[in-house]
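Thanks for coming. I will go through one structure today, helix contacts and sheets in turn. Please have the sequence and the model open as I talk.

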Amino acid sequence: MATKSMATQSPPWWEGCVIYQLMPRSFADADGDGIGDLAGITSKLPYLEWLGVDAIWLTPIYPSPLKDGGYDITDFTAIHPDLGDLDDLVVLLEQAHSHGIRVILDLVLNHTSVLHPWFQRARWAGKGSSERDFYVWRDDDHSYAEAPVLFCHFEQSNWEWDEVAGQYYLHRFLRHQPDLNYDNPAVQEAMLAVVDFWLAKGIDGFRLDAVPFLFEQEGTRCEGLPQTHAFLKRLRARVEACDRDVLLIAEAIQPVHESAPYLADDELHAAFNFALTANLFASLAHGQAKELRNCLTHAQAMVPGCRWALPLRNHDELWLGDGHLVADDVIQTVLAGFPTAQGHWLNWGINRRLAPLLNGDPRPNTLLHGLLYSLPGLPCLYYGDELGMGDWPGLRDRDTNRTPMAWTGERNGGFSTAPDPLLVLPPITAPGYDYRVVNVAVQQQLSGSLINWHHRMLTSRRLLPALRHGAFQLLESHHPSVLCYARTSASMTLVVAANLAATGASTHLDLGDWSGSRVREVLAGCEFPPASDAWFVYLPAYGFFWWLVGEEGCAEDNS
Ligand code: GLC
């Protein structure tokens, strides 16, 4: 990876980092108005440091009419008044850094809100004027017919008629979100100026929302066009010009071979691997490791190393797609394997949080996170999933997955002191997930809780450089349900085996490369027999192990 840090021989801060995604409006409310805010996030930094995450990703914090959870922006260089102001952001940044935590902002390049002054100016300005040219207009709605409608539960077309302009405008998402016209150099400059603004504020990274859709071209799906990559390279150069390592991470819901080009050395540093996420759920659904192995092999062949960011869940639906992201049989496998998904299909996937999707079973939950924390790349943990927090089906759109964080058993889960009707969204009270039981304070006191499990896993991960940046090698197992791989850095080898099935599995693993070496399990600290080429092991249902193999010096390394 060509980065400034490589030149100075120190790895960039994001190498192997664990990213914690949070919804600022639902995380913690410091001023008691019922809506989470930046000061609330600042107050929870000690918790995040304890948990062991390296960075927080804030979903959009900009002024917005909130037709799409803040992804419909009216001012790219200000803070939504509900959340605080720029001074609050500076405090959050300073405090986060003092806790060893970096701050990543969501940057929505593709579109604005219809209420953005650029759009209002465009619709009132004359046809063909430079103001009108900030967005994509047509006299009819026939263009780009091959571009799928992304929010297919809410929209039937990518075009919307505007009475004032007397033309149709393009919107790949909601009609409230007109697409910017990147063919116009002034648009490119305006968005690069937005990047400069936040760089000057000291932001550590950007999650680039919906990057594939910046440019359009007739006869294509209008995704990941060469012009889009050219613009992203300009953006990278802009970020490189600043005197710090700033992470650029792509949200491109595309198959691996289509997302890999974003990871060209002069383009973005990381990209989410949504195909891998879908395959993780499919492998759990049918208890087979083969497809997951293929998917990992493919991703590593396309972009070796640790540049794929891996979420289990996020603030959207669990994307499976329309047969483009992953094959239809993967989608069908997931749907058949998770009865809890029934009736929860929205747009392109399953609109549920992790714990309820897994029917509250902690075993597949820890298995998935055990994989997340040990596969090569950047693990992304969604707020509340460290608790096994529930969801609220029936809330508008994806709000189902965006309810307030459960901090304590007190009123509103300790999220806010506001009266109930003022809360941004209702705290979870569903049986089995009630905030009076499932909350941070209670779980911190129970040594066997999920939250303490995450704390231990993330603490272990910190001490294991092989997991942060080690090479990745799939190993042979003789059981179809067992996935096995090694992560190796200069000072250590870590072998992981995971049983994806709901029944126990005994198998032989090929640890021939380390024959005769000592094997010690990391989390329980217990000794296993020395490694061999037919090394017998038993894995309980959904069980997994992290073993240090050939342990001698396990000191920190940065190789
Ligand atoms: C991304 C976001 C999603 C948003 C969409 C439009 O996919 O994750 O929440 O609705 O972009 O901005």
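Leu86, Leu89, Val90 and Leu93 of helix H5 meet Phe197, Trp198 and Lys201 of helix H7, where contact means heavy atoms within 4.5 Å. By class, this contact has 6 nonpolar residues, no polar ones and 1 charged. For the classes, Ala, Val, Leu, Ile, Met, Phe, Trp, Tyr, Cys and Pro count as nonpolar, Asp, Glu, Lys and Arg as charged, and the others, Gly among them, as polar.

A word on where this comes from. The model is predicted, local features need pLDDT of at least 70, and side-chain atom pairs count only at pLDDT 80 or more, while totals for chains, interfaces and linings use all residues. Residues are numbered from 1 along each chain as its sequence is written, and side-chain values use heavy atoms, with hydrogens and water left out.

Back to the pair. H5 covers residues 86-98 and H7 covers residues 185-201; they pack at an angle of about 55°, with their axes 10 Å apart. That makes H5 oblique to H7. Angles under 35 degrees count as roughly parallel, over 145 as roughly antiparallel, 65 to 115 as roughly perpendicular, and the rest as oblique. The axes are lines fitted to C-alpha atoms, for helices over the stretch in contact, and angles run from 0 to 180 degrees between N-to-C directions. Helices (H or I, at least four residues) and strands (E, at least two) are DSSP runs, numbered from the N terminus.

Next, helix H10. How do the axes of H10 and H11 cross? H10 (residues 274-286) and H11 (residues 290-302) have axes that come within 9 Å and cross at roughly 165°. H10 is therefore roughly antiparallel to H11. Their crossing is left-handed, that is, the near helix is turned anticlockwise from the far one by less than a right angle; clockwise would be right-handed. On the H10 side the contact is made by Ala275, Leu276, Asn279, Leu280 and Ser283, and on the H11 side by Glu291, Leu292, Cys295 and Leu296. These residues divide into 6 nonpolar, 2 polar and 1 charged.

H10 also packs on helix H12, residues 328-337: the axes come within 8 Å and cross at roughly 55°. H10 is therefore oblique to H12. This crossing, too, is left-handed. From H10, Ala278, Asn279, Phe281, Ala282, Ala285 and His286 meet Val330, Thr333, Val334 and Gly337 of H12.

Now the sheets. Two strands pair if DSSP finds at least two bridges between them. S5 and S6 (residues 167-170) pair over 4 bridges, and Asp162 stands opposite Gln167 in S6.

Another open sheet of 3 strands runs S11-S13-S12, with antiparallel pairing. Its edge strands are S11 (318-319) and S12 (345-346). S12 is joined to S13 (residues 349-350) by 2 bridges, and Trp345 has Ile350 as its bridge partner in S13.

Last, the domains. Domain 1 is 4-110 + 185-460, domain 2 is 117-170 and domain 3 is 471-549; the bounds come from an automatic or database domain assignment. Taken over C-alpha atoms, the centres of domain 2 and domain 3 are separated by 55 Å.
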